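Subject: Structure handover

Hi,

Here is the structure I promised to pass on. Have a look at it first, and then read on for my notes.

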Amino acid sequence: MNVTPAIGRIPRVSKNCQVTACPGIRSASPPPTPAFRPAEWETLYTGLPEATHLAPLVRSRYNRVDGPALQLGGAVVNEREPRPLLYAAAGYAFSRERFLYDTGFEAPLGDRRRIRVSGSAFRRTATEDGWIVGETENTFFALFARTDYRDHYEAEGIDGSVSWEPGRDFALGVGASSENVRSLHTETKFSIFGREDEFRPNPPIQDGKEGVLSIFTRIGPSILPPVGGTKGELTYERAGSPIDGDSEYGRLRAAANTRLRLGPGQVARARVIGGATVDGDLPPQKVWHVGGIGTLRGHEYKRFSGDQFLLANAEYYLLARKNVWTFAFLDWGAAWFGRDNLSRQQFALDGGVGIRLGEGPIAVTAARNLQRSDAPILVGVRLGGTF
């Protein structure tokens with residue numbers, strides 16, 4: 001609730017007021033600050049806060065299991081918040097003839113919004129490949145090139161989290177989810193273009209119930225600024241006890257990203273990311289993959305798989321002309337099974353060059369395996385950030 005002073009109201013002046021004691025309206029001291037701040041959420045009688053309003057929610061995608069999928073709904077949004085405070089959407093996956101829904105909230109607590117509580121209930125098409133390819137980018141590839149880089153499964157359940165962010169350079173959170181998961185199959189083959197006649201098969205998962213408790217921390221900004229910066233993230237997941245499920249495992253995932261502006265028209269970027277299963281066995285949908293787009297660009301997609309992985313990427317950009325960047329890159333990494341098998345791994349090393357348009361995500365790359373003299377050159381296209 002915003003408190004607005006009355007306009008045009010003139011304070012009374014005592015008849016006994018002296019000039020030195022009552023300097024007049026223009027130089028009068030401001031009223032004392034209230035001992036409390038008015039609550040941001042007003043009563044139903046006065047309505048929603050001025051900065052909060054209702055907005056339509058439209059989501060669309062295309063992939064090989066859903067075909068075209070559309071979700072419609074609404075959200076309560078605040079101009080000062082990056083995500084909706086409250087949302088609800090329902091939709092339909094046309095190729096597999098399935099109704100989907102997603103409803104939830106994210107509530108900032110306190111005047112400084114350092115603590116956030118969120119929760120949702122859903123039936124959605126889920127994937128573990130979001131760190132490789134974003135959904136919008138994957139939709140374009142599936143629709144125009146008959147290439148679906150994500151593997152999918154259905155998840156229905158609930159989740160929630162509590163996070164603490166005292167500043168822009170630190171965050172700590174805990175989350176929990178309980179969901180029923182099941183395998184999905186390739187249901188469509190339509191694409192405007194594409195070298196292959198059909199999409200690749202969607203791999204099966206371990207059907208059943210999955211309960212996961214996770215702890216997350218971040219040091220550094222959530223999004224690196226153009227001028228440069230560094231951030232690190234660490235996530236621990238525990239499946240099974242204390243949340244019941246059909247899988248029992250514990251795993252860690254860590255990532256560090258840095259961006260350096262070396263001078264006018266020169267930028268360097270690097271990432272190191274890895275994961276380790278510390279106990280238990282991962283279900284098939286949780287296995288990590290590297291190779292191809294977003295990982296080892298001189299290898300075929302998902303060439304290596306395992307319950308452990310380690311990957312490093314480095315890129316050097318040079319401004320060739322206005323809004324056109326040329327860059328060179330190196331990729332190094334592997335994925336394998338068994339936490340005691342690190343010393344036995346032969347890590348892949350790829351290198352290549354590329355062209356990127358402006359500061360945006362559109363890029364074309366040419367990469368090859370540097371450990372084989374006869375390795376082919378693989379050309380790739382990115383419609384999203386490389387990392």
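A cut-off before anything else: a residue counts as buried when its relative accessible area is under 20%, as exposed when that area is over 50%, and as partly exposed in between. By that rule Lys 302 is buried, because its relative accessible area is 14%. Please keep in mind that this is a predicted model.

You'll find Lys 302 in the loop between strand 12 and strand 13 (304-306).

Arg 146 is another non-glycine residue with a positive phi, about 50°. Arg 146 is in the loop between helix 1 and strand 6 (152-167). With a relative accessible area of 16%, Arg 146 is buried.

Then there is a cis peptide bond between Ser 241 and Pro 242, with omega at about 10°. Pro 242 belongs to the loop between strand 9 (228-239) and strand 10 (249-263). Why list these at all? Because most residues other than glycine have a negative phi, and most peptide bonds are trans.

**Aromatics**

How many aromatic pairs does the structure hold? The count is 13. One of them is the stacked pair of Phe 140 and Phe 144, at 6.0 Å centre to centre and with 15° between the planes. Both residues are in helix 1 (residues 135-145), and because they are four residues apart there, about one helical turn separates them. Phe 140 is partly exposed at 42% relative accessibility, and Phe 144 is partly exposed too, at 35%.

Trp 332 and Phe 347 are also stacked, since their planes are at 15°, with the ring centres 4.4 Å apart. This pair links distant parts of the chain, 15 residues apart: Trp 332 sits in strand 15 (residues 324-336), while Phe 347 is in the loop between strand 15 and strand 16 (348-357). Are the two buried or partly exposed? Trp 332 is partly exposed, at 34% relative accessibility, whereas Phe 347 is buried, at 15%.

There is a cluster as well, in which ring pairs link Tyr 317, Trp 325, Phe 327 and Phe 329.

Two arginines are placed over rings. The charged end of Arg 124 is 3.7 Å from the centre of the Phe 122 ring and sits over it. Arg 303 lies over the face of Phe 304, with 5.0 Å to the ring centre.

**Nonpolar cores**

Which residues make up the largest nonpolar core? It has 10: Ala 255, Ile 273, Trp 288, Val 290, Leu 296, Phe 304, Phe 309, Leu 311, Ala 335 and Ala 348. Strand 12 (288-290) and strand 14 (308-321) each supply at least two residues of this core. Apart from it lies another core, with seven residues, including Tyr 317, Trp 325, Phe 327 and Phe 329. Those four are also the members of the ring cluster. As background, nonpolar side chains tend to be buried together in soluble globular proteins.

Of its 27 lining residues, Thr 147, Tyr 149, Arg 195, Glu 300 and Tyr 301 are the closest to the centre. The lining divides into nine nonpolar, eight polar and 10 charged residues. Helix 1 and strand 18 (378-382) each supply at least two of the lining residues, and strand 18 gives the most, with five.

**Contacts across the sequence**

Gly 265 and Leu 319 are 54 residues apart along the chain, yet their C-alpha atoms are separated by 4.7 Å. Gly 265 is in the loop between strand 10 and strand 11 (266-280), and this glycine is buried, with a relative accessible area of 15%.

Thr 295 and Asp 350 are 55 residues apart in sequence, and 9.8 Å apart in space from C-alpha to C-alpha. Thr 295 is in the loop between strand 12 and strand 13. At 1% relative accessibility, Thr 295 is buried.

Cheers

How values were computed:
Residues are numbered from 1 along each chain as its sequence is written. This is a predicted model: local features need pLDDT of at least 70, side-chain atom pairs count only at pLDDT 80 or more; totals for chains, interfaces and linings use all residues. Side-chain values use heavy atoms; hydrogens and water are left out. Rings of Phe, Tyr and Trp (its six-membered ring) pair if their centres lie within 6.5 Å; planes under 30 degrees apart count as stacked, over 60 as edge-to-face and the rest as tilted. Buried means under 20% relative accessible area, exposed over 50%, partly exposed in between (1.4 Å probe, protein chains only). A charge sits over a ring if NZ of Lys or CZ of Arg is within 6 Å of the ring centre and within 35 degrees of the ring normal. On a 1 Å grid over the protein atoms alone, a cavity is a set of points where a 1.4 Å probe fits but cannot get out, and a pocket is an open set with protein on both sides within 12 Å along at least five of seven lines; lining residues have an atom within 4 Å of a point. Ala, Val, Leu, Ile, Met, Phe, Trp, Tyr, Cys and Pro count as nonpolar, Asp, Glu, Lys and Arg as charged, and the others, Gly among them, as polar. A nonpolar core is a set of buried Ala, Val, Leu, Ile, Met, Phe, Trp, Tyr and Cys residues joined through side-chain atoms within 4.5 Å.
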